[in-house]
Amino acid sequence: IVVPKGVSLDSYLPGLFVDENGNNYTSLPKNVSESFTITKIEQDGWLSDYDFYIAGDKIVLTGYHGNESDLVVPGSAMIGSTKYAKVEITSEINWEESGTVRKLSFDKGVVVPEDCSGLFRSYGPVSIDMSNIDTSHVTNMSRMFNCYTLEELNLSGFDTSSATDMSGMFFDSQLTELDLSGFDTSKVTDMSGMFTYCSNLTSL
């Protein structure tokens, strides 16, 4: 594909492309000063539903534009001849953008950043299963599940041993019950508003 000089389109590309300098593209760059050519790299098909970039040994997801209602995010992917055994989700992803995701879960190999503040904030899933995600390194969980559509949350094995901030963690969710018996809050310094506006919560 030749990217023309001065293009102003903000458009997804059908997969991952690379230029002659090794720069990766999942969408057309804007307002380039000179035209250049990008070439498609073969990759696992599921990646075509996501915006992402490569950071060392992992793939970092920044957007979802698929149409699955029961979505399982894979924990690894092939790009070219390289296998990436880690897939990181970020708060940049708007799961609500596609308007379809209602159940969200993750395969082993999916990782989260140290700062998980707002990770699922105001997004669309009704059910989130975190049981395959290692959160032992996460320090900031502020408004992590501030999701106004959230009714079911699987936190089995959820590790909070490094967490220092849980402020507004479940703010405005529609959860009716939560099992926090496994939570280690020994390092937490801020729990303000942790259950604010959780008006449906009857069992804790």
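Predicted model: local features only at pLDDT ≥ 70, side-chain atom pairs only at ≥ 80, totals over all residues.
Student: Quick one to start: is K58 buried, partly exposed or exposed?
Tutor: K58 counts as partly exposed, at 23% relative accessibility. Buried means under 20% relative accessible area, exposed means over 50%, and partly exposed is in between, using a 1.4 Å probe and protein chains only.

Student: Okay, and what does K58 form a salt bridge with?
Tutor: With E88, and their closest N and O atoms are 2.8 Å apart. A salt bridge here is a side-chain nitrogen of Lys or Arg within 4 Å of a carboxyl oxygen of Asp or Glu. K58 sits in strand β7 and E88 in strand β11, 30 residues apart, so the pair links distant parts of the chain. E88 is buried, at 11%.

Student: How many salt bridges are there by this rule?
Tutor: The count is 2. D57 also pairs with K86, with the closest N and O atoms 3.9 Å apart. D57 is in the loop between β6 (50–55) and β7 (58–64), while K86 is in strand β11 (residues 86–89). D57 is partly exposed at 48%, and K86 is partly exposed at 38%.

Student: Switching topic, how many helices and strands are in the chain?
Tutor: 0 helices and 15 strands. Both are DSSP runs numbered from the N terminus: helices are H or I with at least four residues, strands are E with at least two.

Student: What share of the chain is buried?
Tutor: Buried residues make up 44% of the 204 residues.

Conventions
Residues numbered from 1 in each chain as written. Heavy atoms only, no water.
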